Amino acid sequence: MLLLNYMFLQRYKFYPVDTGGYVIMDDEFDIQLAVIGNPILAEKITNALNDVDIEFPDEVTKIH
């Protein structure tokens with residue numbers, strides 16, 4: 001149950017795009033962060049972003 005709730009609380013997610021690859025999105029602000037061709041890499045980056053967001057929720061993070 002905790003894992004299911006964690007899935008809904010994720011701020012960052014990745015989605016497939018029509019041209020191939022995946023786009024990493026900040027769903028809170030509807031911002032496209034990156035387009036990546038490798039689904040495993042997209043998942044790892046998305047999980048890392050969500051882990052940082054959960055660990056430090058009050059801090060502002062800049063992604064360049």
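Tutor: Gladly! Let's start with pairing: two strands pair if DSSP finds at least two bridges between them. Keep in mind that this is a predicted model.

Student: What makes S2 and S3 a pair of strands?

Tutor: Strand S2 (residues 22–26) and strand S3 (residues 31–36) are joined by five bridges. Pairing asks for at least two, so S2 and S3 count as paired. They run antiparallel, and Val23 has Val35 in S3 as its bridge partner. Four residues lie between the two strands of this hairpin, and Asp30 in the turn has a positive phi of about 55°.

Student: Why is Thr46 called buried?

Tutor: Its relative accessible area is 3%. Buried means under 20%, so Thr46 qualifies. Thr46 sits in helix H2 (residues 39–55) and, leaving out residues up to four places away in sequence, touches Tyr12, Lys13, Phe14 and Ile24.

Student: Which residues make up the largest nonpolar core?

Tutor: Tyr12, Ile24, Ile36, Ala42 and Leu49, five residues in total. Beyond its neighbours within four places in sequence, Tyr12 has contacts that include Leu33, Thr46, Leu49 and Asn50. In soluble globular proteins, nonpolar side chains tend to be buried together.

Student: How do you know how confident the predictor is in the protein chain?

Tutor: The mean pLDDT is 82, with 78% of residues reaching 70 or more. Over residues 1–5, however, the pLDDT is below 50, and this stretch has zero contacts in the model beyond near neighbours in sequence. Where pLDDT is low, the predicted coordinates should not be read in detail.

Notes: Residues numbered from 1 in each chain as written. Predicted model: local features only at pLDDT ≥ 70, side-chain atom pairs only at ≥ 80, totals over all residues. Heavy atoms only, no water. Buried < 20%, exposed > 50% of the residue type's maximum accessible area, 1.4 Å probe, protein only. Contact = heavy atoms within 4.5 Å. Core = buried A, V, L, I, M, F, W, Y, C linked by side-chain atoms within 4.5 Å. pLDDT = per-residue confidence, 0-100.
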